[in-house]
Amino acid sequence: MQHPPLDSIRNIGIISHIDAGKTTVSERILFYTGETHKIGEVHDGEAVMDWMPQEQERGITITSTATVCRWGAWWINLIDTPGHIDFTIEVERSLRALDGAVAIFSAVEGVQPQSESVWRQADRYQVPRICFINKMDRVGADYRETLRQMEEKLGARPVLLQLPVGVEASFAGVVDLIAGEFLTFSEADQGSTVERHPIPAEIAGEAMAAQEELIEAAADFDDAILADFLEGTAIAAERIRAAIRKGTIACRIVPVFLGTALRNKGIQPLLDAVAAYLPSPRDIPPVTGQRPDGEAVDSLPCDPAGPLCALAFKVQADEGRKLTYLRIYSGTVKAGGALWNSNRGCFEKAARLFRMHAHKREQIDEALAGDIVAAIGLKEVLTGDTLCDPAHKVLLAGLTVPEPVVALAVEPRGVDDRDKLLPALEKLQWEDPTFRVHEDEETGQTILTGMGELHLEVVTDRLGREFGVRVKTGRPQVVYRETITRPAERQEVFRTEFEGKVQGGEVHLRLAPLHRGKGVRIVVPPAEVLGITRELHAALTESLTRGASTGCVTGYPLTDLEVRVIAVPVEQGVTTEGGVRAAAGRGLMHAARDGAPTLLEPLMNLEIITPTEYAGKVLGSVQQKRGRVEGIITQGNTEAIRAVVPLAEMFGYMTELRSATKGRGGFTMEFSRFDQAPVSVLQQFGLA
């Protein structure tokens, strides 16, 4: 198959809050582009993009899924991402690799908490977006309120390119404000036929006013449009589209479209918008990365003839092997070719290359700059690694990985399960940087940590289904953080005798508390300043980093403190790498204990949707959970309650909320920050 021109490629993701309709939109895109011949429905468990058994049973997206489709002359690499906060890493790594995104909002619920989270993630990677306000046929649909919330909550500048004809159940189609046409979607062929009509007379005035607002937005990116508009000169549609495209790619505006995916209305104009307004790989700035010397920064434009540079943005366990998703930024990858893994410092071989269609594959011989493909044969690679030409080594920035906040103890049920457990857990860690495994030194239990109850529930379910490992699980537990409340200093000397020879190390450390949310700052002066070798410097840094991840009293990671190395005295013939590691580890532990250690607990942003008559009862339960209510928004007969609540109080809350609201309430939550744990928790760990 001939490779498409770079200008015709669109690498896009679908992002939104859970249940806004991402997968439903994705399924319509596959149907209208001819990739599927039957629309797969989420509620029937038949969605092509939700291929995992857990996704089909729960009706949610758990893993980001890539596919390729054609829309006219355009070649679209599409990634459908999860909306649940427990699987936020799937959104993070997808946005890291994509050029554009389609953000979906419900016309009924508006901008919801996870909508804000994914929007911030897209802002972090400067990903241009277009928006689709879905569910226009639903009772309570209010696209104007959604636009207002986009401005207020997201700080976005939405530009409306369509108007609805009809509201709620009478929603009939949309007016294309640039073309000046009323579009309807035939129910006889599941919306495949788009019919074009004159703008209905009853909304002609509203359409004219909306067109003027649209032209004013376009004029911000083309001065000639403003001049023609003021003179009353007709402005060609293509000029308006070009100006809107310019503003979109610069991330200064977001074009907004309307529809109802479930009723098959509005998807084809959305596909046209993907082609018209989102960037090709050639439109985005050249990717930049560090050279191995750590100083120079390389800039690599999207050129198939340039030096190879690719990002491994997702690793998946596939029948015991690694299936690695690659975004090719520069150069060409050939099946069987040798690649340099800059993060691991080793050669890799991409034995086979594939274009992915959800979990199905199409084998290809090569992939060029601008492509998103999958490879088998890369053995050492992990999420966020850079693969490049051995003759032109470069290292790209990795991903921002959130810290897990929930822990779960697991035990194998039988002898066979014991042998298979750790290898299976290792493969699951390949896939998910937010999933961690460690052994509790006191109990010998295997502890899994993740982003939430659902995250760990899916992991244990996969252990049984995919790896045949039966496990018993304990109750979910909160993952706290240790910190110090006052400065501390320690001069640690380590000595031991091994085979008649004294080996040791000495390290002088100073610890200081930092403001909340600052994390751990390890300051190690350069090797020449400390008067030590590079090997000792590396051993020292590694030991301090590892010590900070295991804490000093409870075993929870340290946070919000600075660890500064003051001196590393060297005694000839005695000081060794092992001795320096031991001195640094022990010195950090004792210094932290001298710093009046305390615990921080994770706080969660909570949004509860409840019928008005139950709002008082729900508010009472939030306050009983040490929650702080931050706002209440009335939406018709329902209340949206926003609060900050300790995670420790939220286990099993869904059952409690359903009981309080007679099954009509629901909630979403996401991690907010760490803050001081209560005295009861400190007493539990002997810190009060």
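Predicted model: local features only at pLDDT ≥ 70, side-chain atom pairs only at ≥ 80, totals over all residues.
1. Aromatic pairs. The structure holds ten aromatic pairs. A pair of aromatic rings is described by the distance of the centres and the angle of the planes. For Y480 and Y556 the ring centres are 5.6 Å apart and the planes meet at 70°, so this pair is edge-to-face. The cut-off behind that label is an angle over 60 degrees.

2. Where these two tyrosines sit. Y480 is in the loop between β29 (477–478) and β30 (481–484), while Y556 is in the loop between α13 (534–550) and β34 (561–567). The pair links distant parts of the chain, its members being 76 residues apart. Y480 counts as buried because its relative accessibility is 9%. Y556 is buried too, with a relative accessible area of 18%; the label applies because buried means under 20%.

3. F685 lies in the segment after α17 (679–684), and 129 residues separate it from Y556. This pair, too, links distant parts of the chain. F685 has 26% relative accessibility and therefore counts as partly exposed. Through these ring pairs, Y480, Y556 and F685 are linked into a cluster.

4. Charges over rings. Two arginines deserve a look. The charged end of R129 sits over the ring of W119, 4.5 Å from the ring centre. R361 places its charged end over the ring of F354, with 5.4 Å to the centre.

5. Largest cavity. Rolling a probe the size of a water molecule over the atoms shows where empty space is left. A search of the whole structure finds three cavities of 30 Å³ or more, and the largest has a volume of about 70 Å³. Its lining is made up of E109, V111, Q112, Q149, K153, E607, I609, I633, Q635 and A640. Elements giving two or more residues to this lining are α5 (143–154), β35 (597–611) and β36 (628–635). What classes of residue line the largest cavity? Four are nonpolar, three polar and three charged.

6. Second largest cavity. This one has a volume of about 60 Å³. It is lined by A66, T67, V68, N77, L78, I79, Y325, M356, I372 and V373. Each of β2 (65–71), β3 (74–80) and β22 (372–376) supplies at least two residues of that lining. By class, the lining has eight nonpolar residues, two polar and no charged.

7. I79. Among the residues lining the second largest cavity is I79, which has its place in strand β3. Is I79 buried or exposed? At 3% relative accessibility, it counts as buried. Between I79 and K246 there are 167 residues in sequence and 23 Å in space, C-alpha to C-alpha.

8. Helix α4. This helix covers residues 113–124, twelve residues in total. From its first C-alpha to its last it reaches 17 Å, close to the 16 Å expected at 1.5 Å a residue. The helix is mostly covered, with nine of its twelve residues buried. Those buried are P113, Q114, S115, E116, S117, V118, W119, Q121 and A122. W119, on this list, is the residue whose ring lies under the charged end of R129.

9. Q126. Most residues other than glycine have a negative phi, and most peptide bonds are trans. Just after α4, Q126 takes a positive phi of about 50°. The residue is not a glycine. Q126 lies in the loop between α4 and β5 (129–134).

10. Q190. A positive phi is also found at Q190, at about 55°, although this residue is not a glycine. Q190 is in the loop between β9 (181–185) and β10 (194–197). Its relative accessibility is 38%, so Q190 counts as partly exposed.

How values were computed. Residues numbered from 1 in each chain as written. Heavy atoms only, no water. Phe/Tyr/Trp six-rings, centres within 6.5 Å; stacked < 30°, edge-to-face > 60°. Helix = DSSP H or I, 4+ residues; strand = E, 2+ residues; numbered from the N terminus. Buried < 20%, exposed > 50% of the residue type's maximum accessible area, 1.4 Å probe, protein only. Lys NZ or Arg CZ within 6 Å of the ring centre and 35° of its normal. 1 Å grid on protein atoms, 1.4 Å probe; cavity = no way out; pocket = protein on both sides within 12 Å on 5 of 7 lines; lining within 4 Å. Points joined across faces, edges and corners; volume = space filled by probe spheres on them. Nonpolar A, V, L, I, M, F, W, Y, C, P; charged D, E, K, R; others polar. Expected span 1.5 Å × (residues − 1).
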